[in-house]
Amino acid sequence: MREVVTVQVGGFANFVGAHFWNFQDELLGLADDPGADPVFRTAALDMDVLYRAGETHQGVATYCPRLVSVGSRGSLGSLSSTGTLGSSIAAASQPDVVTWSGNVTKSVTKPHERNLFLQSLTEEEQNPSTSNGQNNSQKSVEDKDLVASLENGVKFWTDYSKVQYHPQSLYELYGSWTDFDKFDNYGTAREVITEWSQLEEMNERLRFFVEECDHIQGIQFVVDDSGGFSSIAAQYLETIADDYTNTPVLLYCVRDPVSHGSRRNQRESIIRSLHDAVSFAKLSSFCNLMVPVGLPSLSYLSPLLSIKDEKCFHSSAICAAAIHSITVPSRLQHVGPASDLAHSSGNLDIGELVHMISDQGRQNLVTALDLAMPAPSLTDKNVWNIQRSLRCLTPEINDEDEDPYAVESMVVHGVLDAGGHRAPISQVKDSVVLSFEGRETKPKFSHLSVSQCPLPIPLPFPSIFSSSIGQHGEILSNHSEGTQRKGSLDVVSVPMAARLRSSSAILPFIEKRSTSLQKLGVARGALGSQVLRDWGFGKEEVEDMNEHLAKMLRPFYPEMDLTSDSD
């Protein structure tokens, strides 16, 4: 087995993670459900890649994500940091201070109440019959209420998480909870871990999961890089790079649309530009492949989706669906030729993906992520539908020109044929190959992974589908017009397509950050030089970051290397 350890750092990263793990939990449940679509039982997905089996001190068997989640103090809502639902007071208690002999006053905040959805999970655990098809009429009413409560009342990522976590998984960062609104740039958090001596604790938790792996294939790291958690993640990644030299790290930098808000004055604009540049320089230094995810708005992503940008519950679901889809190949089982052709094709572990994307073509480690949700059905009329339906989730890119040096990894899973049935693997392959023939400029290399297993839609999923989406994610041709959005009670699964691509399209993203650091932090009289000093950066460190960003541009400008050689 080739295990993956997942790390989530920061608020929005954990919102994304909650949806991601809900997808996995739903897959596990459907695989054991005799009444579910048989495709989930024959999915050829090895869930042991992401999960670990164990048992409690009482001998009860457990199956938990191999995960370290880092968040701000108080961000767990009603979930305890031990990974179980309930009051988190015990987890919040601090050791007695033995050097103080005077009176001690203890202030304890009132624990957050569990919402309707979390209460229903507890009821199902206590009375399993309610989740096994009994009392259907009552359950239907309850489900509608649960969906409504989630649409209108999600405050924490734990409000919709239905997964049980290992006691080593959830870590609250002390010192990051006060003045959290000001925890919005790289400099505000640089001293948090050092000041509170918490980095070693985070390392120990990661080490717990890594050392029990037989053959770890890599670490998938998700960070909310819109604010101070970017600094914490950079320090964490640096220790990972030192401790696990031969373990590839696939980094997703995720941002919710609200984080792209306008700046009120010149100073705020300078701070934001420097944050983006420094964050990018530091994070990209300690990973093997970087995937920026997060558009300023998702509301116009697709006419088939109705996404409210102001709701993290909505935007994080899209990011999680994309990450789930693009990582399907790392979980495809190594099976025999006949079985492979029947249910899946193109397994690819993290190390192979990193090597394929970053070591070929332009040898660029920053990639764009594209998504089709739902992916269109395969029809004889238009075989290019899937590729044309892909929409980029990476900001600040330029797709006007095709790149002959592009390298792509594409994943298609759960796609339907013209008759509404799961398309055979061979048909999907033929369709994608034919679509490449229709492109004027073809990528230098492209890898395709296919699975018949669609994306399951669990109950705690936002109502973001338009009325034109059917129960299995098919696009209806004769639907009644209306503004009513559909959710998990109407749509049970969705065919998906996702693509990672390293190409010149990402150049504006890199160039903007390189230019910002050069103009605002390095050039003589730079307006942001004092900001960088306040963040703790000396002149030499700023120049090193500037050189690192310049080096990242060289694969797109070969003449830069020629100039350097002549100097």
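Mentor: Gladly, and please keep in mind that this is a predicted model. One aromatic cluster is formed by Phe20, Trp21, Tyr51 and Tyr63.

Trainee: How many aromatic pairs does the structure hold?
Mentor: The count is 12 aromatic pairs. Among them is the pair of Phe20 and Trp21, which is edge-to-face, with 5.1 Å centre to centre and 85° between the planes.

Trainee: Is Phe20 buried or exposed, and what about Trp21?
Mentor: Phe20 is buried, with a relative accessible area of 4%, and Trp21 also counts as buried, at 0% relative accessibility.

Trainee: What sort of pair do Phe280 and Phe509 form?
Mentor: Phe280 and Phe509 form an edge-to-face pair, with the centres 5.5 Å apart and 85° between the planes. Phe280 belongs to helix H8 and Phe509 to helix H14 (residues 507-522), so the pair ties together parts that are 229 residues apart in sequence. Both Phe280 and Phe509 are buried.

Trainee: And which residue lies over the face of Phe509?
Mentor: That is Arg513, at 3.7 Å from the ring centre of Phe509.

Trainee: Changing topic to the sheet: how many strands form it, and in what order?
Mentor: It is an open sheet of 6 strands with parallel pairing, in the order E5-E4-E1-E6-E7-E8. Strand E5 (170-173) and strand E8 (289-293) are at the edges with a single partner strand each, so one side of each is left without a neighbour in the sheet. On average, and with direction ignored, neighbouring strands of this sheet are turned by 15° against each other.

Trainee: What joins E7 to E8?
Mentor: Strand E7 (residues 249-254) runs parallel to E8 and is joined to E8 by 5 bridges, and Leu251 stands opposite Met290 in E8.

Trainee: Which strands does helix H7 lie across, and which does helix H8?
Mentor: Helix H7 (residues 229-243) lies across strand E1 (3-9), strand E4 (67-72), E5, strand E6 (216-224) and E7, and runs at about 165° to E6. Helix H8 (residues 266-284) lies across E6, E7 and E8, and runs at about 150° to E8.

Trainee: Now the charged residues, please: what is the count of salt bridges?
Mentor: The count comes to 23 salt bridges. One of them is between the side chains of Arg2 and Asp349, at 3.1 Å from N to O. Arg2 sits in the segment before E1, and Asp349 in the loop between strand E9 (344-345) and helix H11 (350-358), so this pair ties together parts that are 347 residues apart in sequence.

Trainee: How accessible are Arg2 and Asp349?
Mentor: Arg2 is partly exposed, with a relative accessible area of 38%, whereas Asp349 is buried, with a relative accessible area of 13%.

Trainee: What about Lys162 and Glu26, how do their side chains meet?
Mentor: They meet in a salt bridge of 2.4 Å, N to O. Lys162 is in the loop between helix H4 (136-153) and E5, while Glu26 is in helix H1 (residues 11-31), and the two are 136 residues apart. Glu26 is buried, with a relative accessible area of 18%.

Trainee: Last one: which residues do salt bridges with shared partners join into one network?
Mentor: That network consists of Asp370, Asp399, Glu408, Arg499 and Arg501.

Technical notes. Residues are numbered from 1 along each chain as its sequence is written. This is a predicted model: local features need pLDDT of at least 70, side-chain atom pairs count only at pLDDT 80 or more; totals for chains, interfaces and linings use all residues. Side-chain values use heavy atoms; hydrogens and water are left out. Two strands pair if DSSP finds at least two bridges between them. Helices (H or I, at least four residues) and strands (E, at least two) are DSSP runs, numbered from the N terminus. Axes are lines fitted to C-alpha atoms, for helices over the stretch in contact, and angles run from 0 to 180 degrees between N-to-C directions. Contact means heavy atoms within 4.5 Å. A salt bridge is a side-chain nitrogen of Lys or Arg within 4 Å of a carboxyl oxygen of Asp or Glu. Buried means under 20% relative accessible area, exposed over 50%, partly exposed in between (1.4 Å probe, protein chains only). Rings of Phe, Tyr and Trp (its six-membered ring) pair if their centres lie within 6.5 Å; planes under 30 degrees apart count as stacked, over 60 as edge-to-face and the rest as tilted. A charge sits over a ring if NZ of Lys or CZ of Arg is within 6 Å of the ring centre and within 35 degrees of the ring normal.
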